[in-house]
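Please keep the structure open beside the text as you go.

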2 protein chains.
Amino acid sequence: MKHASHLLSAFRLTPIAVGDPPLLNAAGVHAPYALRIIVELQIRQGGWGISEIPGSERILQSLHKALPRIMGMDVFQLHSIRQVLQAHAKQLADDQRGLNPWDARTLVHIFSAVEVACLDLQGKLLDRPLVDLLGGKMRERVPFAAYLFYKYEGEGAASPLPDRAAAWREARRAAALDPAGIVGQAQAMCGAFGFNSIKLKGGAFPPKEEVAAVLALRQAFGPEVPLRFDPNAVWKFDTALKWGKQMEGVLEYLEDPVRGQQQMAALRKKIDIPLATNMCTTAFDELPESIRLQSEDIILSDHHFWGGLRACMQLHRICHTFGRGFSMHSNSHLGISLAAMVHLGAAIPRLDYALDTHYPWQADEVIAGGKLPIEEGCVALPEGPGLGVEIDPRALQRLHQNYLKCGLKERNDEVEMQKYQPGWTFQPSRW
Amino acid sequence: MKHASHLLSAFRLTPIAVGDPPLLNAAGVHAPYALRIIVELQIRQGGWGISEIPGSERILQSLHKALPRIMGMDVFQLHSIRQVLQAHAKQLADDQRGLNPWDARTLVHIFSAVEVACLDLQGKLLDRPLVDLLGGKMRERVPFAAYLFYKYEGEGAASPLPDRAAAWREARRAAALDPAGIVGQAQAMCGAFGFNSIKLKGGAFPPKEEVAAVLALRQAFGPEVPLRFDPNAVWKFDTALKWGKQMEGVLEYLEDPVRGQQQMAALRKKIDIPLATNMCTTAFDELPESIRLQSEDIILSDHHFWGGLRACMQLHRICHTFGRGFSMHSNSHLGISLAAMVHLGAAIPRLDYALDTHYPWQADEVIAGGKLPIEEGCVALPEGPGLGVEIDPRALQRLHQNYLKCGLKERNDEVEMQKYQPGWTFQPSRW
């Protein structure tokens, strides 16, 4: 061998629980903690690469079984690493037919954790920011949108926000259950972080109330601030048609108003608002039907669920090639995921829309130096090599203790909602 | 800045002329020389990256005007470099309306030259083979197909083949103008290089004769050797239907039997052979119509014409996503282009077909150490960092002298054919 090799030699998996406010959505309400897994991969020479993914006991166990298979592999051999994980998944499926074998989504989820950590390591080995491994940066600062939620009062198990966020602290704790509450939340969030686009998560209240909130936001912010609205596919077709019409000329895009590509395609023909999705078209193998049906205008990528950062670059090329817009979905997350999103957002040749992020809602942090600043609605590319962020070991331990204490093993917004509204059940098409 | 930077500081462009035998195709016959341009990009620290592209006076001049614009840019900033070239192209188009401004294809062509040289440099800086910048290698040896041509006697202005290729030397010089000639050429080429797939370039003789050659190849090699046939879109629809039917069950794929996506789509419904293309769908913006019409089963990429190696990785993802096969087109080329093709071929997660290459037809070489070996039909990944091949300065000068002497400024197979058949003209649909 005439060139360098950097072989994976060890891994650490740390499940953590992050304080999360009681944010409402179509599936219920966020628990006091959001679960994440911090992945660390080490090479023989001693360097570490890191990543952060949505957590659950099932994914944690899958990672514990899968990662030993890739030890000894070179950190640049991502295609081969994926192949090994795929073979492992197939073997599990053969061995445990019916016993919750890995499906394609588990593979994608786990590979994304490995890919980001390997790219972080590659960047560190090269003394280059991760974005350079995606073709280089098109921008230094990546724009995000204010992500508004209906919410109950309180901030879950979150740590107190640091002083500098005082302006936002009150609104983050306050209930927001009507248009005035949502507008107040938006003003506080935009004031604190300078966001220039706004997204409202809906699906929690009857359409009439939520559309009133959208129109109140337009009234308060004017047409120069793009607005999006996302009822999480909980509307019936006629409901979406009726209330979609009310938001024509108001929304930048309407996200997942109805469930499934067929309904999205039918609705898209009848209302004059671009439709976006992270629920109806969620994987590469669903793209051909999305394109054929013309079911959506905008695909919301998420490197955790599309198979990593390079896969999202490819998804962007597909969107661009087929005349679809591209943006980014988010879940409750910390700074490692944010850094990965920022590197991807900086590399995307044509960024059509400000990206989603839950980041202002989480006061906890696992990276050294505390939370990455959001200024003028943007996050600056971290400057160091790789992801440009490092784990704070004490913060990691504290958040891991949260995990051990809280007893949660998976996200279940329905069970959480039943604590507020006994007997509440999720309905895929509620209105 | 907390990380390394490697800024482009100089470039060298060397037009070369490479001996090329009189190979026939639908557009005429190859001139005694094929034109290529060798691109060298230097960074301030002193390292060089190299690439090789199809040459013409027009492309050479375009490169001379374009490359000064990207001096001072970081070798990892490929998205920004592309953006600068695009802005330059737009400015030229505005300035010189009607005076042969850059079109999208010129931009893609020039960017591919820059991208490969930058990736070569990146690999050298990282002490990593280029394939690792594409996600790592899925295979150590990349399979190619024997590429047969009808030809007149002679080897053009080619240098004599080195001794080790003695078995192939005679066939390479011989005429091949009928089925027996083609079978003989195939046996010599497969004998010398161990190819396990065969492609015949057609479009030169009436369909009946060429189909007879295909059937003779099948007879000689049996069903275990995949056969492809490419009449370069020179057949009329009814001709393709009639003669395509004769090759059902015989061909692995039929390449560009007719001209244009519409005709390809119509033909594809009527014959039971996968259709491939490098003429009907040739750019990203033509893919949506190709997918919509279902005009082809297999897209033949070419990093020189699709915008570089990463663009071809994205093309592969699109092919995979939409259920299309992926392989690679070739022109007369030397070892730098072959090395780039091999790195790409090694990185492709799912390589459906052996790749095309003209390489056995060119005796000249520009890389140090002479021609890369083809063994058992495969080329091994070069072992060094980056592309893993280096320019031989004396060979480069000799091939540049060829360029200055030969007087050719662009490829024109029609003019060349008129030397054999006075009055011959190209016809887009000859039969």
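Predicted model: local features only at pLDDT ≥ 70, side-chain atom pairs only at ≥ 80, totals over all residues.

The numbered points below go from the pairing of the chains to individual strands and helices.

1. Chain B can be laid on chain A with an RMSD of 0.0 Å, by a turn of 180° together with a shift of 0.0 Å along the axis. The two copies are thus related as by a two-fold rotation axis. Of the interface residues of chain B, 100% are also interface residues in chain A, so the copies meet through the same surface.

2. In chain A, an open sheet of 7 strands runs in the order S7-S8-S9-S10-S11-S12-S13, and its pairing is parallel. Its edge strands are S7 (146–149) and S13 (325–328) of chain A, each of which pairs on one side only, and the twist from one strand to the next averages 25°. As a reminder, strands of a sheet pair through backbone hydrogen bonds, either parallel or antiparallel.

3. Within this part of chain A, strand S10 (residues 253–255) and strand S11 (residues 275–277) pair in the parallel sense over 2 bridges, and Leu275(A) in S11(A) is the bridge partner of Leu254(A). Helix H5 (residues 179–193) of chain A lies across S7 and strand S8 (198–201) of chain A, and runs at about 150° to S7(A).

4. In chain B, strand S12 (residues 298–301) and S13(B) pair in the parallel sense over 4 bridges, with Leu300(B) standing opposite Ser327(B) in S13(B). Strand S13 (residues 325–328) of chain B has Gly325(B) and Ser327(B) pointing one way and Phe326(B) and Met328(B) the other way, and all of these residues are buried.

5. Which residues of H6(B) are buried? They are Pro207(B), Glu210(B), Val211(B), Ala213(B), Val214(B), Leu217(B) and Phe221(B). They cover an arc of only 150° around the axis, which puts them on the same side of H6(B). An α-helix has 3.6 residues a turn, so residues three or four places apart point the same way. On the other side of H6(B), Lys208(B) and Gln219(B) are exposed, whereas the buried residues of H6(B) pack against several elements of chain B, among them strand S7 (146–149), helix H5 (179–193) and helix H7 (237–246).

6. The length of helix H6 (residues 207–221) of chain B can also be checked, because its 15 residues, at 1.5 Å a residue, should span 21 Å, and its end C-alpha atoms are 21 Å apart, which agrees. H6(B) is followed by Gly222(B), whose phi is positive, near 80°.

7. In chain A, strand S4 (residues 33–43) and S5(A) pair in the antiparallel sense over 7 bridges, and the bridge partner of Leu41(A) in S5(A) is Gly49(A). The hairpin of S4(A) and S5(A) has 4 residues between the strands, and in this hairpin Gly46(A) takes a positive phi near 115°. Of the 7 residues of strand S5 (residues 48–54) of chain A, 6 are buried, so this strand is largely enclosed by the rest of the structure.

8. Is Arg394(B) buried or exposed? Arg394(B), which is found in helix H13 (residues 393–406) of chain B, has 72% relative accessibility and therefore counts as exposed, the cut-off for that word being over 50%. The C-alpha atoms of Arg394(B) and Ala368(B) are separated by 9.3 Å, although these residues are 26 residues apart along the chain.

Methods
Residues numbered from 1 in each chain as written. Chains lettered and ligands numbered in written order. Heavy atoms only, no water. Least-squares fit on C-alpha atoms with pLDDT ≥ 70 in both. Contact = heavy atoms within 4.5 Å. Pairing = 2+ DSSP bridges. Axes fitted to C-alpha atoms, helices over the stretch in contact; angles between N-to-C directions. Expected span 1.5 Å × (residues − 1). Buried < 20%, exposed > 50% of the residue type's maximum accessible area, 1.4 Å probe, protein only. Arc of directions from axis to C-beta.
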